[in-house]
Amino acid sequence: MKRILLKTFFAVALLTTSTGWAQNNPSKLMGHESQIESIIKDMTLEEKIAMLHGKNMFSSAGIERLGIADMEYADGPFGIREEMEPHSWNSAHLETDSATFFPTGSALAATWSTEWAYAYGRGMSREARLRGKDMILGPAINIQRIPTGGRTYEYLSEDPLLSGALAVAYTRGVQDNGTAVCLKHYALNNQENYRGFVDVRVSDRAMHEIYLRPFEMAVREADAWGVMAAYNKVNGRWCSENEPLLSNILRKQWGFKGMVISDWGGVHSTVDAVTAGMNVEMPGQRYMGQALLDSVKAGKVSEEVINDRVREILRVRLTVKPIAKEDANRVAVGRHEEMETALEVARRSIVLLKNESLLPIDTKRIRSIAVIGENAITKMAQGGVGAGVKTRCEVTPLEGLQKMFGEQVKITYVPGYKSFDRDSRNKKMEPVQQADQKLLAQAVKAAKRADMVIFFAGDNREVETEGSDRKTITLPSGQDELAKALAKASKRMVTVIVSGGPVDVSVVSDVSGALIASWFNGSMGGQALAEVLAGKVSPSGKLPMTWTKALEDVPAYTTGSYPQEVKNNSQGDIFVGLVNNQSNERRQQLIANYSEESMVGYRWFDGKDVAVAYPFGFGLSYAQFEYSDMKIRHTAEGFDVDFVISNNSAFDAEEVAQVYVSRPRSHVERPVKELKGFKRVALKAGERKNVTIPLRRSDLCHWDELAQTWMLELGKVKVCVGGSSDNLPLQLETEI
């Protein structure tokens, strides 16, 4: 059969979305060009250089003489960080710099909801404005390549379409409400170990189809105004001076008009960084301060390049209205409306993995509950390395249960295990350890006396942390041993996994009658969980990443590309070194070959026929859904997939319908199937709904390395619809 390919350029309406934004719409940043040219003409060279590096720990300079305010940055993507002293990492100890702790990235992704991703971004933006911030350092949208990644909890998904769709909605929510986003970490920052000196080697096709796609969607479809360059190298060049990434792809291919800032301490050169497209070195001026001024005077960098970098900053500065310093931090944030958004997101994020008729809890039969595990009382707004939130409120799971059941059910709490704490007096303490026998005995005693056990297992923000990856997905603190003992003591055990990413649930799944993933779920996470356990809300979250049975099954581990071996890492992590005033020089060359190419996550497990614990897109409900009456209608943008979902139960519930596409007769190597569309659907008990999910031609393309553009292969396409990547009851073929 003759191979027929149709070349598809993104300058046409292929990227028109259901919400009406098309790539040919001009960027909002381009509304001040004549004013910007006038400002640049009035600036001295020294004033221009002053704008290209950090002024304080979280700000870069404007030009007071010309009425240009400083740029104020807000860390991080799931809550506005407390105020710091200008030139240190010490807290400013204000009373008005609290914020809402929104569910972290993986929790947001588990909602599979663009509507709530928009509301999440809107809430973040409103709080940023009250705190006097111009740009939020988020969303964090790198692909979850390994389940052990230190920032898996902060990132969204292993799938580029799901990550991209949520990034688009988050970006719109933030920028529609007056704050700029800063997409991070651009690009391929998929591990925390050695991120400051690892060189990622990846094919063009895998890079564009998997790792860059969420960034491309947020730039093209949501007009993102800021991007943060990652610490690592990509194909031999630091991201902060990587001309293919910053200039050729970001600005020329995607049409990005905004500004690029470095990750903190992530710049390694002067001439290469500024000419490649770096706008602001943060937080200091080692390379883009006096050294840059000297380079311009010596003729190594033209002033026109400096003008370009200043112009890109001014586009953002004039689009985002500055907040006067005296008007910032006047009132405490973490307001009711934002807390409600955090609650709604948390409700929809909770994933029911297993249920043998234990849930929802029947208070007619269950009169006493033993709540076991420190994660029932541990607050997750802060901890570990990196951004945290000084939140006014964080409802723990125990507090949520106590409020939900009140006097109806007697609730007894025992810790069961000692959570991992890096600041423990025992400096050699490791996350994976034997169970504490005294705590175990107390937990078993409580379990025997109760009608039901709710065991809170999982990680905390010390185990999952920026700057280092987990060595294992084994549950810490002897939790598996404790779970087995509890199961012998009680016939009714529900296990709740509190984590940001996958853990090994082989033991707890076997011994528990019900299993739930509840994530690091924000200020209102405990209330949301209690509502699900009590049946006030039917669980509707879906896994945004595969939960594997063993690390050895993960493609990066299987192919031997991760973890890498380091002879001497005495300098530690680049960010930790920055905080401790250590040099960021890295002499060792460390390679990460992405030899699995595009076969990340479920793509790999499908193709290799590897059994997993719980598949991508999986999540149970208290309701029973039936899919039927599938049809395909061709449209100008691609085709619409129509079908019916019926709620055959007595529960009001929401379902996430997912559409996957297979190309078994493709002339291009492809996965068994790929996610190409999804929609969250609310159904009353007994209700039937007609559902339409559009599939865009742009999402059906592959990256052609020879032509260096997106291509659409004509031919037959198999379209599959269902509630999980492993449960797709509706299937039809169509033709492109």
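**Exercise 1. In which helix is the place of Arg603? Describe the surroundings of Arg603 as well.**

Before the solution, two remarks on the model apply throughout. Residues are numbered from 1 along each chain as its sequence is written, and side-chain values use heavy atoms, with hydrogens and water left out. The model is predicted, and local features therefore need pLDDT of at least 70, side-chain atom pairs count only at pLDDT 80 or more, and totals for chains, interfaces and linings use all residues.

Step 1. Arg603 belongs to helix 20, which covers residues 602-608; helices (H or I, at least four residues) and strands (E, at least two) are DSSP runs, numbered from the N terminus.

Step 2. Arg603 has 3% relative accessibility and therefore counts as buried, where buried means under 20% relative accessible area, exposed over 50%, and partly exposed in between (1.4 Å probe, protein chains only).

Step 3. With its neighbours within four places in sequence left aside, Arg603 is in contact with Glu158, Asp159, Pro160, Ile210, Ser598, Pro671, Lys673 and Glu674, contact meaning heavy atoms within 4.5 Å.

Step 4. The side chains of Arg603 and Tyr602 make a polar contact at 3.3 Å. A polar contact is a pair of N or O atoms within 3.5 Å; within protein, one must be able to donate a hydrogen and the other to accept it, and residues adjacent in sequence count only if both atoms are side-chain atoms.

**Exercise 2. Locate Gln564 and work out what its side chain reaches.**

Step 1. Gln564 sits in the loop between helix 18 (555-558) and helix 19 (574-579), and its relative accessibility of 9% is why Gln564 counts as buried.

Step 2. Not counting residues up to four places away in sequence, Gln564 touches Gln191, Tyr194, Leu590, Ile591 and Ala592.

Step 3. One of these residues, Gln191, also makes a polar contact, side chain to side chain, with Gln564 at 2.9 Å, while the backbone oxygen of Ser561 is reached by the side chain of Gln564 at 2.9 Å.

Step 4. As a distance check, Lys445 is 119 residues from Gln564 along the chain, and the two C-alpha atoms are separated by 44 Å.

**Exercise 3. Which residues of helix 7 are buried, and what covers them?**

Step 1. Helix 7 spans residues 213-222 and is mostly covered, since ten of its ten residues are buried. They are Arg213, Pro214, Phe215, Glu216, Met217, Ala218, Val219, Arg220, Glu221 and Ala222.

Step 2. The cover of these residues includes helix 5 (160-175), helix 6 (204-211) and helix 8 (243-253), together with strand 7 (183-186), strand 24 (688-696) and strand 26 (709-713).

Step 3. Just after helix 7, Asp223 adopts a positive phi of about 55°.

Step 4. For another helix, take Thr341 in helix 12 (residues 336-349), which is buried with a relative accessible area of 6% and, leaving aside neighbours within four places in sequence, is in contact with Phe102, Trp116, Ala119, Tyr120 and Arg122.

**Exercise 4. Characterise the protein chain as a whole.**

Step 1. The chain contains 20 helices and 28 strands. Its radius of gyration is 25 Å, close to the 27 Å that the globule rule gives for 736 residues, so the chain is as compact as a globular protein of that length; the radius is taken over C-alpha atoms, and the rule is 2.2 Å times the number of residues to the power 0.38.

Step 2. The C-alpha trace spans about 80 × 70 × 50 Å along its principal axes, and 65% of the 736 residues count as buried.

Step 3. Among contacts between residues at least 6 apart in sequence, 79% join residues at least 24 apart.
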